[in-house]
Amino acid sequence: MHEIFLDELKKLNTRFMEMGVLVNDLIDKGTRSFVAHDKMMAQEMIEEDKEVAKEAIRIEKKALDLMALQQPVATDFRVVISILKAATDLERIGENANSIAVETVRVKGNPRISEVEEIISRMTHQVRSMLIKVLTAYVQEDEKTAREMVEGHKEVYDDYKKARKMIIDGVEQDPNVAVASASYFVIIRLLERISDHIVNIANWVIYKVSGELFELIENKNN
């Protein structure tokens, strides 16, 4: 019976990782479409986000079935719970990336601030790197790397604060960038939220490995 459980758990882990790769690609496409003013790419990734939501439902159903039908022992139970919870954070990341793409459609054709978009690109690189690291940590049960995710979050938050100041200064100097600036505020906040969710996933990695449960970062408007 336990061998069946481990085999099904392996499949569940694979689905979780595939979902993570898809979400990471959505982050890239969302911000790239915005910076490149690519409305078509934005529309395409909005459709792709629907697949993330479907995959989250599949993982949730599979995880609940495993707990109900296989009656896992305490350690295995932790693994299933960690997947279930981390998949929810992945879904939220996908939703945030989708919201970035929506801003592409809204702001196209309006004056922009190139310095802010450089920071947006850097924040995107940072959160994508964080996500890859935390997914790798999940597979390798690397508690040390998971704990280091908090440092990555601090870097993203520092850029978030820099971008906010640049946006405010930019509007004061040129009111014509007001439309784009409204979208900039949304996007940098979404990227900062994405890093929050990555830290949450890191906490689920720690829970999976050690059973230690941290307080998650709350996002009431995620």
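Predicted model: local features only at pLDDT ≥ 70, side-chain atom pairs only at ≥ 80, totals over all residues.
Residues are numbered from 1 along each chain as its sequence is written, and side-chain values use heavy atoms, with hydrogens and water left out.

**H1 against H4**
- The axes (lines fitted to C-alpha atoms over the stretch in contact, with angles from 0 to 180 degrees between N-to-C directions) of H1 (residues 2-35) and H4 (residues 114-140) come within 10 Å and cross at roughly 175°.
- That makes H1 and H4 roughly antiparallel (over 145 degrees).
- Residues in contact (heavy atoms within 4.5 Å) include Phe-16, Met-17 and Gly-20 from H1, and Ile-120, Thr-124 and Arg-128 from H4.
- By class, this contact has 14 nonpolar (Ala, Val, Leu, Ile, Met, Phe, Trp, Tyr, Cys and Pro), six polar (the others, Gly among them) and three charged residues (Asp, Glu, Lys and Arg).

**H1 against H6**
- H1 also packs with H6 (residues 178-210), at about 165° and with axes 12 Å apart.
- H1 and H6 are therefore roughly antiparallel too.
- On the H1 side, Asn-13, Ile-27, Thr-31 and Phe-34 meet H6 residues including Tyr-184 and Lys-208.
- Six nonpolar, three polar and one charged residues make up that contact.

**Arg-164**
- Arg-164 belongs to H5 (residues 143-173).
- At 34% relative accessibility, Arg-164 counts as partly exposed (between 20% and 50%, with a 1.4 Å probe and protein chains only).
- Leaving out residues up to four places away in sequence, Arg-164 touches Phe-185 and Ile-188.

Note on methods. Helix = DSSP H or I, 4+ residues; strand = E, 2+ residues; numbered from the N terminus. Parallel < 35°, antiparallel > 145°, perpendicular 65-115°, else oblique.
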